[in-house]
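Open the structure in your viewer and keep the selection tool at hand. The stops below follow one another, each with something to select.

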Amino acid sequence: DWYRRSSDDVVGPAEQLPAVLGVAAPSKNNASLETKGFELTLRWRDQIEAIGLSYGIRGTLADSKSVVKKYPNATKAISTWYEGAVIGDIWGYVTDGYYTQAEQDAGIDQNIQGSATGPGKNWSVGDIKYRDLDGDGLITRGGNTVDDPGDRKIIGNNRPRYTYGITLDAEWKGFDVSAFFQGVGKRDAWIDAGGPGQFWGTQNSEWQANFLTIHLDRWTPETPNGYFPKYYLNNTTSGNAKNQVVQTKYLQDASYLRFKNLQIGYTIPARLLNKAGISKLRVYVSGENLATITDFVKTIDPEFATLSRGIGYPLQRTWSVGLNLNF
């Protein structure tokens with residue numbers, strides 16, 4: 001199936017109104033969207049009579065993309081919806097390595113205009129360096145609009161694309177097996193740094209932090225290629241926030257393939273059950289969430305990639321046994 005859906009009077013984000021209003025702007029039916037997508041299902045079922053084996057394969061694939069056709073945002077501010085925006089687009093900076101000692105000695109400041117218009121200021125060795133995309137010698141967010149985004153651009157999209165599932169099953173001489181795989185072919189995720197979380201570790205203070213093994217992979221003078229930038233104890237006073245703005249280095253690939261379910265069973269022949277008045281007896285063992293293949297950060301489940309700051313109870317691997325009994 002291929003479809004195109006036009007939706008009018010959609011409840012979009014609240015309009016950006018002057019702060020003098022004194023209250024948060026209410027949500028209302030203020031937008032129109034156009035969504036294009038497809039859904040594909042393929043099935044195959046057959047048997048090999050010579051050995052008494054029957055089997056089946058079923059695959060599904062779906063994708064969609066929504067574009068804003070109408071929304072009250074005359075300036076095309078990129079902090080909310082705007083006409084022509086693809087729902088889920090992520091605007092961010094392009095990471096260009098770490099600040100070096102030579103750049104610190106030269107007094108190079110990425111944000112000459114002040115922290116209100118860019119990632120931050122007072123940069124030093126071990127801090128994140130951003131690329132000057134507009135060539136003006138400054139690293140800023142510009143006018144925060146599509147026409148003047150400063151040194152930001154669209155670096156990804158957080159909506160799941162190419163979602164798929166594969167089901168396999170087979171039966172032979174009373175034995176049966178089924179397996180289910182599911183996943184997402186393309187998805188980007190930015191893990192918010194606005195509070196304690198699973199990704200960034202230390203945040204506003206040492207009392208609001210998760211300390212995990214991945215946080216040992218950090219820039220230090222002895223490990224200049226560490227994954228995370230240099231350590232700041234306090235997010236507010238020491239300027240750690242400047243290293244945690246939306247950027248390409250820490251944008252996560254949230255695509256994945258998950259071995260969701262496996263079930264193996266055996267149905268006891270009816271001739272052995274007739275005297276007991278049992279028409280069917282099947283025993284089975286089942287496993288859930290057995291394996292996941294992903295490049296997503298290992299401390300967060302990719303299936304819940306957009307949870308605030310990555311905080312969420314992970315899916316557990318479970319095994320169970322049971323029986324189906326019919327009289």
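**Pockets and a surface patch**

Select residues 280–294 to begin: this is strand β13, which gives the most to the lining of the second largest pocket, with three residues. The model you are viewing is predicted.

Stay at this pocket, whose volume is about 310 Å³. Next, select R258, K298, I300, D301 and P314, which are the closest to its centre among the 21 residues that line the second largest pocket. Colour the lining of this second largest pocket by class and you get nine nonpolar, eight polar and four charged residues.

Now move to the largest pocket, which holds about 830 Å³ of space. Which residues of its lining are the closest to its centre? Select I90, W91, R152, W190 and V246; they hold that position among the 33 lining residues of the largest pocket. Then select residues 89–93, strand β4, which gives the most to the lining of the largest pocket, with five residues. By class, the largest pocket is lined by 16 nonpolar, twelve polar and five charged residues.

For the last stop, turn to the surface and select V177, I264, V285, W319 and V321. These residues form a nonpolar patch with about 470 Å² of accessible area together. Is V177 buried, partly exposed or exposed? V177 counts as partly exposed because its relative accessibility is 33%, and partly exposed covers the range between buried, under 20%, and exposed, over 50%.

Conventions. Residues numbered from 1 in each chain as written. Predicted model: local features only at pLDDT ≥ 70, side-chain atom pairs only at ≥ 80, totals over all residues. Heavy atoms only, no water. Patch = residues over 30% accessible without salt bridge, like charges linked within 9 Å, V, L, I, M, F, W, Y side chains within 5 Å. Areas by Shrake-Rupley, 256 points an atom, 1.4 Å probe, with all protein chains shown as cover. Salt bridge = Lys/Arg side-chain N within 4 Å of Asp/Glu carboxyl O. Buried < 20%, exposed > 50% of the residue type's maximum accessible area, 1.4 Å probe, protein only. 1 Å grid on protein atoms, 1.4 Å probe; cavity = no way out; pocket = protein on both sides within 12 Å on 5 of 7 lines; lining within 4 Å. Points joined across faces, edges and corners; volume = space filled by probe spheres on them. Helix = DSSP H or I, 4+ residues; strand = E, 2+ residues; numbered from the N terminus. Nonpolar A, V, L, I, M, F, W, Y, C, P; charged D, E, K, R; others polar.
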